[in-house]
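Let's take a friendly walk through the pockets of this protein. Have the model open beside you as you read.

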Amino acid sequence: MLASIEKAGENYIVRFERALNYTVEEVWPWLTENEKLAQWFSELRVGELGNSGFMQFDMQDGTCEKLEITDFTNGSVLEFAWWDDSVRFELHEASIGCDLVLIETMNKITDHTPKDLAGWHVCLDVIGALLDGQHIERMTEWKKWYEKYVQAIEKIT
């Protein structure tokens with residue numbers, strides 16, 4: 001399912017939701033443990049967890065960017081700066097498993113935005129597949145979702 005994208009004041013709010021057949025305790029490590037994180041987002045790492053902590057983004061040129069954690073509740077919320085924007089992961093218990101929500105708050109839409117949104121979309125699908133012990137062909141999926149996000153962005157800009 002495509003993420004919802006809406007204009008909210010000066011920002012854009014993108015909301016991805018995934019219902020997973022796994023408990024919060026089973027999903028949380030995929031967001032916060034570097035060994036698991038590397039399996040679905042190879043450039044992103046936890047530097048230090050907590051409200052004064054940070055994430056690290058490997059720029060693939062020998063440097064890393066520190067991304068400040070701006071909200072953290074162990075087992076349920078991980079929010080961090082995404083350069084001028086923010087990314088927030090939430091886990092909510094559900095009757096079966098949990099709901100994984102990713103909210104990206106963006107200051108502006110650029111030509112790169114559909115690429116990023118397709119990337120987040122596939123990353124979340126990869127988490128679900130990994131939990132299920134399955135594999136997703138990332139580039140094939142990314143190309144499919146990229147076209148859909150290009151169309152979605154055209155509708156709101």
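## The second largest pocket

The second largest pocket holds about 160 Å³ of space. A pocket here is an open set of points on a 1 Å grid over the protein atoms alone, where a 1.4 Å probe fits and protein lies on both sides within 12 Å along at least five of seven lines. Grid points are joined across faces, edges and corners, and a volume is the space filled by probe spheres set on the points.

Lining residues, those with an atom within 4 Å of a point, are R18, A19, L20, N21, Y22, L124, D125, G128, A129, D132 and I136 for this pocket. Helices (H or I, at least four residues) and strands (E, at least two) are DSSP runs, numbered from the N terminus.

By class, this lining divides into 6 nonpolar, 2 polar and 3 charged residues. Ala, Val, Leu, Ile, Met, Phe, Trp, Tyr, Cys and Pro count as nonpolar, Asp, Glu, Lys and Arg as charged, and the others, Gly among them, as polar.

## The largest pocket

The largest pocket has a volume of about 740 Å³. Of its 28 lining residues, F41, W82, H112, K115 and D116 are the closest to its centre.

α3 (113–131) is among the elements that supply at least two lining residues each, and α3 gives the most, with 8. The lining has 13 nonpolar, 7 polar and 8 charged residues.

## About the model

This is a predicted model, in which local features need pLDDT of at least 70, side-chain atom pairs count only at pLDDT 80 or more, and totals for chains, interfaces and linings use all residues. Residues are numbered from 1 along each chain as its sequence is written, and side-chain values use heavy atoms, with hydrogens and water left out.
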